[in-house]
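The sequence and structure come first.

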Amino acid sequence: SQLPVRVPLDITYEISVEAISTMVVFLSCQLFHKEVLRQSISHKYLMRGPCLPYTSKLVKTLLYNFIRQEKPPPPGAHVFPQQSDGGGLLYGLASGVARLWTVFTLGGVGSKAAASPELSSPLANQSLLLLLVLANLTDASDAPNPYRQAIMSFKNTQDSSPFPSSIPHAFQINFNSLYTALCEQQTSDQATLLLYTLLHQNSNIRTYMLARTDMENLVLPILEILYHVEERNSHHVYMALIILLILTEDDGFNRSIHEVILKNITWYSERVLTEISLGSLLILVVIRTIQYNMTRTRDKYLHTNCLAALANMSAQFRSLHQYAAQRIISLFSLLSKKHNKVLEQATQSLRGSLSSNDVPLPDYAQDLNVIEEVIRMMLEIINSCLTNSLHHNPNLVYALLYKRDLFEQFRTHPSFQDIMQNIDLVISFFSSRLLQAGAELSVERVLEIIKQGVVALPKDRLKKFPELKFKYVEEEQPEEFFIPYVWSLVYNSAVGLYWNPQDIQLFTMDSD
């Protein structure tokens, strides 16, 4: 059930890299076609021909190559001694491969690739790329992709339950080793894509990961990708964000992340965070991603996924860090200002066009619609926290009271009236208690009044809303996104392989 752990012979390492590279080259005809290939000679042999019985062995071997991250043999260390005339054909081939290991680049196509660590394991890198290519081959008209079937169904070596007879290409692998490798390798796009693929498609892996008591080892590298959004290509950011969305679909995850306390997050530079929960850090990073997107890329898809992750977590917010609470309200403040600005521009545009007898331009109306959707979502997230876990979050109530004027304009707005009822009730209730306590109150005293007031708040007056729950669903034709993405990773990251950029048709060389 498990491949034996061994150090391969030097010549074996080199031949393995060459064999995997050859398979990548066989499949690379996709690079020279604009459309996604749905059949080719390579497809035929890999999916229906004599290769089919080896599906699970190949997938398992490629996964173990990724897990082991074996380094190449040192230069000059070969099974066969070098002859004075340069050795035989096999030796020449192997040493040629060794020289090619230094020829590679990392990063997305035409993107600003982050400074990547030196590639320590060409075998692991090449194996991972081939695995992703195989996983994303399109289904044949009469048969599903067997490599995807294998990836969807493999189990932990500790799972002794039998495989259902309906599951083909099944195998077992050590989940603990796989989890550790995934945690350590998230600086590369391809490792993040593998993590997404496994979490989305293999329920055994997803269940195992969500049960881990050290989820911070996986979540922190994902948050770091999002935090350095400026340095990453957009596909890498998408994958990191969707991984978070998939994780936040689980209530156990949403509860446990607030129990994990982190010390000194050195890569978070906006503010010194000496102690913060993983949950509060996740909120901070997602909000920062939304703010970055609002000022730079303005990608609605990115907004939607960020807000969906926050919404999934909102009912389980616990002991929010004061800075996380402030950032939630600050984001709402930013949205409010943007709303007023767009409203003003729309009014001016309408007046101008009416005076000149032109048809009003619809652009501002569309902008207004999008921003009101985001504001509505933020109000629902705040409301969800207040109705489900108010007593756990005095810092959010404090931030809400500090910026209560912000919410005034939305009280009577037809799009927000219903959701504003609860927020308005909470603001009014705690404002009156602070007024009774007198002026010039310290922060500590205000928090004390809030904690006391939570017990007295008439919760039966809070209106019930449907639970906020969002589930990630792939687009109808995911291959249109994933196949160009995977091949862009192969083009940039494959060891010792070169394709003429002028011949590439699948993606444009300056795209993200």
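## Helices 10 and 11

Helix 10 (residues 216-227) packs against helix 11 (residues 234-248) at an angle of about 140°, and their axes are 9 Å apart. The model is predicted: local features need pLDDT of at least 70, side-chain atom pairs count only at pLDDT 80 or more, and totals for chains, interfaces and linings use all residues. Residues are numbered from 1 along each chain as its sequence is written, and side-chain values use heavy atoms, with hydrogens and water left out. Axes are lines fitted to C-alpha atoms, for helices over the stretch in contact, with angles from 0 to 180 degrees between N-to-C directions. Helices (H or I, at least four residues) and strands (E, at least two) are DSSP runs numbered from the N terminus.

Helix 10 and helix 11 are therefore oblique to each other; angles under 35 degrees count as roughly parallel, over 145 as roughly antiparallel, 65 to 115 as roughly perpendicular and the rest as oblique. Their crossing is left-handed, the term for a near helix turned anticlockwise from the far one by less than a right angle, with clockwise giving right-handed. On helix 10, Val-219, Ile-222, Leu-223, Ile-225 and Leu-226 meet His-236, Val-237, Ala-240, Leu-241, Ile-243, Leu-244 and Leu-247 of helix 11; contact means heavy atoms within 4.5 Å. By class, this contact has eleven nonpolar, one polar and no charged residues. Ala, Val, Leu, Ile, Met, Phe, Trp, Tyr, Cys and Pro count as nonpolar, Asp, Glu, Lys and Arg as charged, and the others, Gly among them, as polar.

## Two further helix pairs

The axes of helix 3 (residues 55-68) and helix 7 (residues 175-184) come within 8 Å and cross at roughly 55°, which makes helix 3 oblique to helix 7. Helix 3 passes helix 7 in a left-handed crossing. Leu-63, Phe-66 and Ile-67 of helix 3 meet Ser-177, Leu-178, Ala-181 and Leu-182 of helix 7, a contact with six nonpolar, one polar and no charged residues.

Helix 5 (residues 122-135) and helix 6 (residues 146-153) pack at about 110°, their axes 7 Å apart. Helix 5 is therefore roughly perpendicular to helix 6. Leu-131, Leu-134 and Ala-135 of helix 5 and Tyr-147, Arg-148 and Ile-151 of helix 6 make the contact, in which five residues are nonpolar, none polar and one charged.

## Chain and core

The chain has 20 helices and four strands. Of its 512 residues, 50% are buried, where buried means under 20% relative accessible area, exposed over 50% and partly exposed in between (1.4 Å probe, protein chains only).

The largest nonpolar core has 156 residues, and those with the most contacts inside it are Leu-281, Ile-328, Phe-407 and Trp-487. Such a core is a set of buried Ala, Val, Leu, Ile, Met, Phe, Trp, Tyr and Cys residues joined through side-chain atoms within 4.5 Å. Not counting residues up to four places away in sequence, Trp-487 touches several residues, including Val-24, Val-133 and Phe-507.

## Loop residues

Asn-393 lies in the loop between helix 16 (363-389) and helix 17 (394-402) and, at 2% relative accessibility, counts as buried. Beyond its neighbours within four places in sequence, Asn-393 is in contact with Phe-317, Arg-318, Ser-319, Leu-320 and Cys-385.

Ser-319 is in the loop between helix 14 (300-314) and helix 15 (322-355). Ser-319 is exposed, with a relative accessible area of 54%, and has a positive phi of about 45° although it is not a glycine.
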